[in-house]
Amino acid sequence: EDMEERLMEKQERLSNAVDSLDEHQEKLQHSEYKVLEYTLALQHINFIQQKIQGQLNIDVLLQEATELLMLHLSVHRGVFVRLGDHLSPSVRMISPVNIAVDPEQHTALGDELVALLATHNLLSPPDDDPEAPVPLLMLDQNADSFLGVEFVSAAVAPIWVEKELWGAFCLFDKEVRLKSDGQRFGQLGESEQLILQNVAAFLQKDLKSARLFEMATTDSLSQLYMRRYFENRMDDELRRLQRSPEPCALLMLDIDHFKLVNDNYGHQTGDEVIRQVSRVLREESRQGVDLPARYGGEELVVLLPQTSHEGAVKVAERIRLAVSALHVPAMDPKPMPHVTLSVGVSNYDTHGKTRVELVEAADQALYKAKASGRNQVCSAQEMIV
């Protein structure tokens, strides 16, 4: 009997040891999975950081970050909601993917974002620790639709630069996700949240540098590049073209009868005309490719790399038509005059190889457009005999 009892005790201890070993192995496997998951998340973070590092154009930086986050987090819809500030007062939807947004609704959607963040005390950073993780707002399908998007889950990552709320990444999933064990869940997993938090953290630092660059190179009224920066960039582009020739064009644009606007309606209305026309130039320019600038007063320029003569004329005509369709509110009871543009076009090589030659050719074409009745596009090509 004693032998039997001892044998049973040994079997029980052995069974407990096996159970303990199984539990230990399960914990070890779970830990290994967590390490692997964390390592993959770090790889995603490093890849995104390398892709956007050094980008100083704020809109391009936010656009690339939004698209990369969507790719690496495998979400279906996304947008960065850029709130207005003293330099760029309008709310904008940057890089909306699979989200159709009416530009007239941008302000209302910005207000919706602010109200949502205010509800969760996220209008300002939670503390003064620069190393603290960026707080995320996780929404599930029980929440009301946000930004007009129906979703199963959503993640909102607010972005602050020096304690100023710039906006937020808004990422949406239309399908339920699965955990590694096959269980269903409705929100981004730990590794996805880690990616989003880290990208938001280093992006806030990059945006601070980009803002300093913007303040040094961007005209505050038009939000276009300043003349000096434009000329330096144009010289760089022309040197590149001498090594690797390809099409390039220059547009010189002038707001018709602008002095009459200032004289009859005041400089506030004149400033609003410049803002509205400049907005058209930004919208019609290719982000990160074209170079729109305020050349002086009411005169604007756009450098169009990789653009043929025919393509440049089409862009100029598209800009002219968009400006002609503007309705600028006058700060005066008198009806606002119709705002129009005259445009001159010159092309690299055909009309010159230096900045001075191309500007002179485009300026002569602009003069011809004005002398011919204004509100039209003239090309330096037509002036070659």
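A residue counts as buried when its relative accessible area is under 20%. Keep that cut-off in mind as we walk through this predicted model.

Start with the cysteines. Cysteine 378 has a relative accessible area of 4%, so it is buried. Cysteine 170 goes down to 0% relative accessibility, and therefore counts as buried too. As for disulfides, the structure holds zero of them.

Now hop over to aspartate 219, which sits in the loop between α4 (190-217) and α5 (227-243). Is this aspartate buried or exposed? Its relative accessible area comes out at 16%, so aspartate 219 is buried. Who does it touch, leaving aside residues up to four places away in sequence? Its contacts are Leu224, Tyr225, Met226 and Arg294.

Next, a pair of helices. Two packed helices are described by the angle between their axes and the distance between the axes. Here, the pair to look at is α7, covering residues 267-284, and α8, covering residues 309-324: they pack at about 140°, and their axes lie 10 Å apart. That angle makes α7 oblique to α8, because an angle has to be over 145 degrees to count as roughly antiparallel. The crossing of α7 past α8 is right-handed.

Which residues make the contact? On the α7 side you'll find Val277, Val280, Leu281 and Glu284, and they meet Arg318, Ile319, Ala322 and Val323 of α8.

Note on methods. Residues numbered from 1 in each chain as written. Predicted model: local features only at pLDDT ≥ 70, side-chain atom pairs only at ≥ 80, totals over all residues. Heavy atoms only, no water. Axes fitted to C-alpha atoms, helices over the stretch in contact; angles between N-to-C directions. Helix = DSSP H or I, 4+ residues; strand = E, 2+ residues; numbered from the N terminus. Parallel < 35°, antiparallel > 145°, perpendicular 65-115°, else oblique. Left-handed = near helix turned anticlockwise from the far one by under 90°. Contact = heavy atoms within 4.5 Å. Disulfide = S-S within 2.5 Å. Buried < 20%, exposed > 50% of the residue type's maximum accessible area, 1.4 Å probe, protein only.
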